Amino acid sequence: MSSINIRRAVENIRSGTTVYTPVIELIVNAIQAIRAVKPKGGLIEVRILRHDQADMIDKIAPVDGFIVRDDGIGFNEEHRNSFDTLYTALKAGDGGKGFGRFTCLKYFHRLTVESVFEDGLMRKKRSFAMGHGNDIIIDEKVTDAGVAATGSTVTISGAQAVKFPDKGLDVIARVLVEKLLPYFIDPNSECPQIVMRDDLGGDPILLNDYLGQANRQIVELSVQNNELRLKSLDKDKDEVFTVRVFKFYAPRANKSKVSLVAHRREVTDVTMQTYIPEFADEFYDKTNEVEDAKDRNYIIKAYVFGDYLDRNVSLERGAFSFGKDNDLVFGISQSQIEAQAATIAQQAVGHEISARRERKQARIRDYINDEAPWHRGLSRETDFSSLSMKPTPQEIELHLQAAKFQLETRVRAEVKQILQSEETEDLKDRVTEVVGKISQTSKNDLIHYVSLRKCVLELFDKSLRIGDDGKYKSEGDVHDIVMPRKKDTDQIDYDQHNLWILDERLNFTEYVASDKPMDEGTATERICRSSANELPFAETTRPRIRLRSSSSKSLSVTTSSILHPTKTRSSRSSAT
């Protein structure tokens, strides 16, 4: 009799499992039970159990559990004792961890077993449930079974806090096929027939047909080289992986993915666009054989197999022992494997990926030509492969700014290295190379500067025109383009004014005061009335700009003097 804290064991399951994990576990156990007595053939029936009340929105009752029935060896004494042993080693040769049944209680309240097995020359029937306390097997009964066929029926029911995400029979069947695909494609072992039925009725679905020639919903693609080698911590040994690539037609909302497999079970998956952005959208097969036929959409899924994955899969089969992004203990990380597998999968749809990259490059060229010509030189040296498949102008600009910062950082590092180096042999060549990089960066900045000035002048020109209402803009609006009102040097940066419109030298003034008193300590204002020979502004307090250059000259400018230079006066001011 077992004596463990089952509730605590179940609560400690956190490693990447989902509500589909128990169903996969039961089906895999059924496959193994069949292969224990039959090298070929066999039948597994999976039945969906429903709640009594249908959902008010889609009118389909949610999933409450599953019944998995097989015609395998049954729960004889050996298999019964294995079920009753935590971390049993009975199926270690098939990659069994001896813990999978505990994932059933994480997502479903009840697990019951009914099984017929051979006991010598007789056949017996064993039934029991899985406990929640200290005993794994409870309510066990063993009776004579007569001539009944061997096999097992395992039921999980009473879906708990995590609701089953899918409802339709076809959707659930499709997900199970994806997760069990390594069993369907295993060249060393034929997968039994797996039939799915629904409590709601309707036609059953044979999961094996998804790979059949008649249905062709899943098709394996050939790649030139599907072997992947990565350096491990053992320098004398490479870890070898095999990548198999498949088309999945009618993918619904799914994305192309890379799946890592351990002991023929899908453990993790990641969207392929994480490593190659051009996999973000579905692909399409052109249909020309039948008139008015629609194109078939599909995604790509790459399954990765290898001893390294088998050795390092977690207890719950929801993750791996090695790190996600880098690993100093095992030597090979999950992202390394996924990135290389995505590159291999790219071979299968290389022509389409190339076309998508060309369209992305066209977007980038259009943005640079139309909106950011100052980036033209930089764009020739920038790698855009990590940019999304359909980048927005904002994404392109941010990418280029990041590339510019990296370039400037490298240039500064090279300059520092030259200055600290005592070697003079190739100094001239190194200096010439670095100066060339600095010059190119400066050219880009100059083009940007000139382009922005052009925009400001166009805006300023528009502000001086008569509007649709037959009136000019207010003098304040014009003033703000040149210099914001009620501001001075302490409140704005040098690039927040456009004094260069008046005189380029005004960019270098020490102090700028806009629309503030001319003399310190007084609140002098000048009231001007427009007339025929002046700017056509209504009666207003003319905003005033006051500047001081490094030579201590003070310059007072009103907005009207922009078009009437004679109204500008210069004076000495010791106060400022």
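The charged end of Arg-356 sits over the ring of Phe-283, 4.2 Å from the ring centre. A second case is Arg-101, which lies over the face of Phe-83 at 5.3 Å from the ring centre. The criterion for a charge over a ring: NZ of Lys or CZ of Arg within 6 Å of the ring centre and within 35 degrees of the ring normal.

This is a predicted model, where local features need pLDDT of at least 70, side-chain atom pairs count only at pLDDT 80 or more, and totals for chains, interfaces and linings use all residues. Residues are numbered from 1 along each chain as its sequence is written, and side-chain values use heavy atoms, with hydrogens and water left out.

**Aromatic pairs**

The whole structure holds twelve aromatic pairs. Rings of Phe, Tyr and Trp (its six-membered ring) pair if their centres lie within 6.5 Å; planes under 30 degrees apart are stacked, over 60 edge-to-face, and the rest tilted. Two of the pairs are tabulated here.

| Pair | Centre distance | Plane angle | Class |
|---|---|---|---|
| Phe-241 and Tyr-308 | 5.9 Å | 80 degrees | edge-to-face |
| Tyr-249 and Tyr-298 | 5.7 Å | 65 degrees | edge-to-face |

Phe-241 is in strand 11 (residues 238-249) and Tyr-308 in helix 6 (residues 307-311), so this pair, whose planes stand at 80 degrees, links parts of the chain 67 residues apart. Helices (H or I, at least four residues) and strands (E, at least two) are DSSP runs, numbered from the N terminus. Both Phe-241 and Tyr-308 are buried, meaning under 20% relative accessible area; exposed is over 50%, and partly exposed lies in between (1.4 Å probe, protein chains only). Ring pairs also join Phe-241 and Tyr-308 with Phe-320 and Phe-322 in a cluster.

Tyr-249 belongs to strand 11 as well, and its partner Tyr-298 to strand 15 (residues 296-305), 49 residues apart. Tyr-249 and Tyr-298 are both buried.

**Strands 12 and 13**

Strand 12 (residues 257-262) and strand 13 run antiparallel, joined by six bridges. Two strands pair if DSSP finds at least two bridges between them. Ser-259 has Asp-269 of strand 13 as its bridge partner. The two strands form a hairpin with two residues between them. In the turn, His-263 has a positive phi of about 50 degrees. Strand 13 (residues 265-271) has five of its seven residues buried, so it is largely enclosed by the rest of the structure.

**Helix 12**

Helix 12 (residues 475-482) is mostly covered, with six of its eight residues buried. These are Glu-475, Gly-476, Val-478, His-479, Ile-481 and Val-482.
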